[in-house]
Each structure stands twice: as structure tokens, then as C-alpha cells.
Amino acid sequence: MEAIIVNKKRILQRREDLFSYSFDASFGTHLPELVLQPISTDEVVGVVKLANLYKIPLYPRGRGTSLSGGPLPVNGGIVLDFSLWKDKLIIDPDDSIAVVSPGVLTADINAKANEFGFMYPPDPSSAHVSTIGGNLAENSGGPRGLKYGVTKDYVIGLEVVTPEGEIIRTGGRTIKNVTGYDLTKLIVGSEGTLGIITEAILKLIPKPIATKTALVLFDDLVDSGHAISRILSSGILPSKMEIMDQACIIAVEEYKPLGLPTDVEAILLIELDGHPYSIEEEMKKVKSTCLAVGAREVIVAENDEEANELWKARKLVSPAIVKIKPTKISEDATVPRSKIPDMFKKLKEIKETHDINLVVFGHAGDGNLHPNIIADQRDTEEMKRVELAVEEIFKAAIELGGTLSGEHGIGIMKSPFMEMELGTKGLEMMKRIKMAWDPNNILNPGKVFPEPGQRLVLHNG
């Protein structure tokens, strides 16, 4: 190994170090046998060739913020920690691109682009701590996904080390490229199962001149769903449209009082961006549309400071709800926009049927709801009810024409449900691709594809 990783400080073998890489932001603990911290493509090539020769599992990892178990070393083997590899962050304003190393923090890319009048739109809530390599592997989204899309929409080129240790380049620096199969899009979102990304070329877009934010109060959760559909069909495309249900509002007020009314069933936070005159007129239309479908009140921020105050509530949801109970199961089942009211109804039913603490928040504008279940993992009976509820959430989303995941990925958390969405033949085609790229199954084995009889288990015993 010394010939591959020059600096011994980047080979981690102590048990306490291995434990640090045995978990992510989801469930389960799986101890690796070794952790390596590569900082060059040559190092990755050397490790991969050796692993492929001896059929050693490799698990690429960024900062471990995955909510689906993406980087967990479920079969032992080696974790490749890319968090130290952040030497390259180049902004090319002439080509409107960024060239980045896999360990660069996603928020840093946007901040650097802003210095040149550009933006990198994908904005997962973990952007200030998650690496771009992890975001590429999971095809991460975020609040701005409604208007601007997700990670794959901004990746135009990659350097990738294949499972057999070869270096390939996909795409390039041009915005348009239709040469052959789109391997770039295939790699992005493949969760480290097909190749290891060692460099990415990202498309940047001009930063909007201005933004405007509104907070809308609803007495009925389903009415908020109708408001979302009406706004989006009116010709207005907000940059963000986030929702919080009553349970979220109460949790935030108990955690850090902001003066929000706790008797409403839902809050919508809507951000518009563009030219100041345009968004002024669009906000008037948003306000009238919301009031027409039953909104109690629409509060429009007059300046950036007021807007930041309105967004505080949304940012406090995650820390607030875990004060209720310590275990948070965060799902991201996504439905077509027109089915958002129907999904709200189903979530209400699931909450009551299984007697669980279920809160709803997330990116309502693109149907990417985040039903979060708050529980206590030490309570086996409660966790069994949670497992049934999660399965029903997935079934409801798929029956409404939706998908298992809008941005969190599949990993190990959702793999038992893959056939439910893709069907036997669809899943088989994905397996064929995996086998063609990775015949020895060394890259992130145990992810995406379910083992025979595998099911979601969140309880102990």
C-alpha cells in the first residue's frame, strides 16, 4: 500500500478511525477493514487495480452526509475517503464552467462562482458540508431544483476511474455534446457503483439580479397543495417553493420561537428570482393565487433581511424535530406536481393508521416532499410501525406516478423497493449495466440492487 498512498497519514487502520467511517446520516453501522484518503487520480488508479485483482470491495465516500446509506461498507473492504482532495476549484468565466476536485465542498463552488457573477444552482441542504463528489454520485438536488434542476443538469464532463483501474473522460467543456452514449449522465447518480469520479466540469449560469420571498399561511394542508399547482400552471416558476406542515411549525416554535402561528396546517415559503420589476409583478400574482385557494395570509418580505427571517423557520426544522424524539427517518418520495394534494392526503392517512410522528416539509414545488418520521430507535414496536409506514409512503408515491427518491439516492435504504418502481425487467437492465462496467463487483457492492429477500429493517431484535 505504501507505493500507492505515499503519505502514511492517509492510511487509517486504527479501530477508532474505522468506526468513524462505519456510518453516515442514515441507518446502520458497517465497519471497513481499511480507510484510504487519495488525493490524486494516480493514487485512485493504483488502489482500484489492486482491489480489482484481489476482489476487495471499495466504497467511495465524501463527508458521509448520505441519507440512504450510499457510502456504507456493507461488505467490509476499503473506504476511499475523498474529503481531503480539494485542491482544484477553477472558475472559467469565458466558458461559464467550473473544474473541480471531488472533495471540494458544494457551497464553495457556488461562492466562488458568485465572485464572477455566476452561480452553481444545485443546493442540497448539506451543501456547506457535503462534497461535490458525493453530490455527483447521488445526483443531489435542493430547494432550487424546482426552477434550475438537479446536479446532473450541470455536469458536462467527468474524469472517471473505471472498476478495472482505467481512466476515461466523458463529455467535455462544451455545453452541447451529442457524441455517442451519454456516459456523463450514466455516471452521475450511479452512487459509486460504476466508476470513481476524480474530476468534474460543471456548467455555471448567470446569477439572478434580485430575489423576493413570501411566507403563506394555510388552514388546510391540502389547500397548500392546490396553491402549488395553481402557481406553477400560471406561468410563474419560483426559484424555491418549500413547505412545512403543522407539526414542523409547532416543533420550530418550541425549539426557537419565531412568532409563527401554530394553528395553521401548513406554511409555504416561496422565492422568486430575476429582474426586480418582473418579480414584483409575479409576487402580486402569487399572492392573489394563494388567497384565491384559501390561504389565510400572505406575508411578503420587503428586503433581504426580512426574507432571511422568513427562511429561518425552514432552516430550523431538522434540529427542531429531533428534539421530539431522537431518531429521524428522512424520506424523499416524489410525485408529479398535480398529485401533491393527493400525496398530502395519503400521508395523513399513513400517520393515523400507524400511529407515528410524521412531519412533512421539503421541496413542494417539484413534488419532492420530505415526509420525516420521528421515532425512538430503542422502541422496537414503534420502529416496526415505522417500517410499515415507510413502505406505504413508497407505495403511495409510485401509485401516484411518482418515484422512490427525488434526491437522496437508493443506497441500502430503498433498494428493497426498487422492483416496485422499475419492474423485474427494468431492474434486470440496470444489473446488466453494472455487470458490464464492474464484472468483479468491487465498486460499492450491496447498494442499489436488493439481495434476494431483502427488506427494510430499522429495528433491533
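**Entry 1: helix 8 and helix 10**

I looked up the contact and found that Cys248, Ala251, Val252 and Tyr255 of helix 8 meet Ala313, Leu316, Val317, Pro319, Ala320 and Ile321 of helix 10. By class, I recorded 10 nonpolar residues in this contact of helix 8 with helix 10, with no polar and no charged ones. I note that the model is a predicted one.

I then looked up the geometry of the two elements. Helix 8 spans residues 246-255 and helix 10 spans residues 304-321; they pack at an angle of about 85°, and their axes are 8 Å apart.

I looked up the volume and noted about 910 Å³ of space in the second largest pocket. The pocket is lined by 36 residues, of which Asn139, Gly189, Ser405, Ile410 and Met430 are the closest to its centre. I sorted the lining by class into 13 nonpolar, 13 polar and 10 charged residues.

Which helices each supply at least two residues of this lining? I found helix 5 (145-148), helix 6 (183-187) and helix 13 (418-437). Helix 13 gives the most, with 6 residues.

**Entry 2: aromatic pairs**

My count came to 3 aromatic pairs. One of them joins Tyr120 and Tyr154 in an edge-to-face arrangement, 6.3 Å centre to centre with 80° between the planes. I placed Tyr120 in the loop between strand 7 (118-119) and helix 4 (132-138), and Tyr154 in the loop between helix 5 and strand 8 (155-161). The two residues are 34 residues apart, and I recorded the pair as a link between distant parts of the chain.

Notes. Residues are numbered from 1 along each chain as its sequence is written. This is a predicted model: local features need pLDDT of at least 70, side-chain atom pairs count only at pLDDT 80 or more; totals for chains, interfaces and linings use all residues. Side-chain values use heavy atoms; hydrogens and water are left out. Axes are lines fitted to C-alpha atoms, for helices over the stretch in contact, and angles run from 0 to 180 degrees between N-to-C directions. Helices (H or I, at least four residues) and strands (E, at least two) are DSSP runs, numbered from the N terminus. Contact means heavy atoms within 4.5 Å. Ala, Val, Leu, Ile, Met, Phe, Trp, Tyr, Cys and Pro count as nonpolar, Asp, Glu, Lys and Arg as charged, and the others, Gly among them, as polar. On a 1 Å grid over the protein atoms alone, a cavity is a set of points where a 1.4 Å probe fits but cannot get out, and a pocket is an open set with protein on both sides within 12 Å along at least five of seven lines; lining residues have an atom within 4 Å of a point. Grid points are joined across faces, edges and corners, and a volume is the space filled by probe spheres set on the points. Rings of Phe, Tyr and Trp (its six-membered ring) pair if their centres lie within 6.5 Å; planes under 30 degrees apart count as stacked, over 60 as edge-to-face and the rest as tilted.
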